[in-house]
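Welcome! Have a look at the sequence and the 3D structure below, and then let us walk through them together.

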Amino acid sequence: MKKILLGLALISISTLPSCKKFLDKVPVNNLAVENFYKTSGDALKGLNAAYHNLQRPGCYNSRIWMLDIIAGNSIVGAGGGTDGLETQQAASFATTSANPGVLDEWTAHWGAVLDANEVIQNVPPIDMDTTLRSRIVGEAKFVRGLAYFNLVRLFGKLPLIETPGSSIDALKMPRADVSKVYELIISDFTTAIQSLPLTYSGADLGRATRGAAMGMLSKVYLTMAGSDPSSPYWQKAADELQRVINLGIYSLNTNYGDNFNPDKENGPESLFEVQYAYDPKNSGFSQDAVCSMRSEFMGPRNSGITGCCGFGWNQPTAEFVSQYEPGDKRKAITIFVSGDSIPGFSFGTFHYNNTYSTTGYNVRKFLVTNISAQTTFADDPLNAVVLRYADILLMFAEAENELGKTSDAETYLNMVRERAGLPDYHGLTQDDFRQKVYKERRMELAFEGERWFDLVRTGTAIPFLKSLGSPNDAYGVGRGNISQTNLLFPIPQTEMDNNPAMAGDQNAGY
């Protein structure tokens, strides 16, 4: 299960906490960088601190999966009123630069960039095993590439910060064009591919691998291709995805649910997961925690089947549920519907009914109950899957179709469908295939944080969300408000105020 031992404190611009092993806490900013990076052990601690940013609420602990709410798969639900107001505003496309959820995503991802920069600059001079040194720098570039990739998709132009800087003022840089940001992302993943091993074992299981970097680079190319059928990035994506497939080390789990089972993590379908573990000292709300709060958030409200009670967030809409084809095995794993039950609790069997949510449905996919794993309040151990082989197959199918190889592409789409218990597709036109693969991605990767990015890159966000209701959908969510402005988030106003080099360069419409 959980193998990677993550540091617990953010590396600042000029100082580094003495990060120890998993769950050990020490005062922040108690050791200057120049006095820290002396040994291979120091290098690993600094790297683990960079990874830890991905665990934070602003990244994969909450804000990334909440993008599915904005994408129309679900609503906040929960307690109603002002509960999750920042996410309600984002889903109604009424976000402002003061939105705290947007600030969460900005700061957590920038923490990963800054901590990775410390490693990239300070590890090369260390007298240590050269292979390990190259690997550590490659992992840091993977983390930085992933953080920048999320940031550029959410915010567009970004400051390009590639070194730690000697002062706060050194980090006050203007926003660079998106093309320049993608150049850095491609460079980082390319270096990672050259530096990282194919697999790990023992205590290193869960770190970024060569396949993870290849897969993420493929997704970068697919994103850059966008909805342009003539883009050269389709071929780049297809070539890189073919290389991932040719590695021969990944396969689909026979059981779709194994991807979300805390006892079967980092399995044959996994390319990269953000690692979580039960944390006896924290809940997932803590910035220092190594546990997740996703199960608590999504558990049916006041059901008592999670570590505490269940918050009832992320309630799937009836429109989303209607998209399941008859016989789709993923449905029962992904969502609760009336009549579902789980035995074994102290109070007996839990019976789900539609009064648990506004929509009549709850997400089941990431549920970690207090009978299936050690967990307490907002403290579940389930990893967040960032990239898995089903995604690779679907991306390859999409790229091959755009390159005019629709018949070949059907093979890879059908591999995913067969696992779901669905019939194969044959003889589709290129446009029909395009729509089928978009839908398959929606159902296969539901609530994993991919849907919003897919809608934006394919140019379908505005027409799809407007189709759910104008101005409001059935749940009173203002999906119909979406416009070109909303395809990017605003730069948080506090960041605009703190960085004069970005003055006057807010995203259009905010």
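## Confidence in the model

Among the elements of the protein, the highest mean pLDDT, 99, belongs to helix 13 (residues 389-402), and the lowest, 94, to strand 7 (residues 341-345). Residues 1-30 are another matter: there the pLDDT is below 50, and this stretch has 101 contacts in the model beyond near neighbours in sequence. Please keep in mind that this is a predicted model.

Taken as a whole, the protein averages a pLDDT of 92, and 94% of the residues score at least 70.

## Helix 7 and what covers it

Helix 7 spans residues 178-195, which makes 18 residues. From its first C-alpha to its last, helix 7 reaches 26 Å, close to the 26 Å expected at 1.5 Å a residue.

Which residues of helix 7 are buried? They are Val 181, Tyr 182, Leu 184, Ile 185, Ile 186, Asp 188, Phe 189, Ala 192, Ile 193 and Ser 195. What covers these buried residues includes helix 6 (130-155), helix 8 and helix 9 (233-246), together with strand 2 (158-159) and strand 3 (175-176).

## Two residues in their surroundings

Lys 219 sits in helix 8 (residues 210-225). Is Lys 219 buried or exposed? Its relative accessibility is 4%, so Lys 219 counts as buried, the cut-off being under 20%. Leaving out residues up to four places away in sequence, Lys 219 touches Phe 149, Arg 153, Leu 387, Asp 391, Met 395, Arg 441 and Glu 450.

Leu 488 is placed in the loop between helix 17 (461-467) and helix 18 (493-498). With 27% relative accessibility, Leu 488 counts as partly exposed. Not counting residues up to four places away in sequence, its contacts are Val 152, Arg 153, Leu 154, Phe 155, Gly 156, Asn 507 and Tyr 510. As for Val 290, Leu 488 is 198 residues from it in sequence and 29 Å from it in space, C-alpha to C-alpha.

## Salt bridges

How many salt bridges does the count come to? The total is 36. One of them pairs Glu 440 with Arg 330, whose closest N and O atoms are 2.7 Å apart. This pair links distant parts of the chain, with Glu 440 in helix 15 (residues 430-444) and Arg 330 in helix 12 (residues 330-334), 110 residues apart. Glu 440 and Arg 330 are both buried.

Arg 434 forms a salt bridge with Glu 402, and here the closest N and O atoms are 2.7 Å apart. Arg 434 lies in helix 15 and Glu 402 in helix 13, so this pair ties together parts that are 32 residues apart in sequence. Arg 434 counts as buried at 17% relative accessibility, and Glu 402 is buried with a relative accessible area of 9%.

## A further pair and a network

Lys 264 and Asp 258 also form a salt bridge, with 3.4 Å between the closest N and O atoms. Lys 264 is partly exposed, its relative accessible area being 45%, whereas Asp 258 counts as buried at 13% relative accessibility.

Finally, there is a network of salt bridges to trace in your viewer. The linked residues are Glu 269, Glu 325, Asp 328, Arg 330, Lys 365, Arg 388, Arg 417, Arg 419, Glu 440, Glu 444 and Glu 448.

Key
Residues numbered from 1 in each chain as written. Predicted model: local features only at pLDDT ≥ 70, side-chain atom pairs only at ≥ 80, totals over all residues. Heavy atoms only, no water. Helix = DSSP H or I, 4+ residues; strand = E, 2+ residues; numbered from the N terminus. Buried < 20%, exposed > 50% of the residue type's maximum accessible area, 1.4 Å probe, protein only. Contact = heavy atoms within 4.5 Å. pLDDT = per-residue confidence, 0-100. Expected span 1.5 Å × (residues − 1). Salt bridge = Lys/Arg side-chain N within 4 Å of Asp/Glu carboxyl O.
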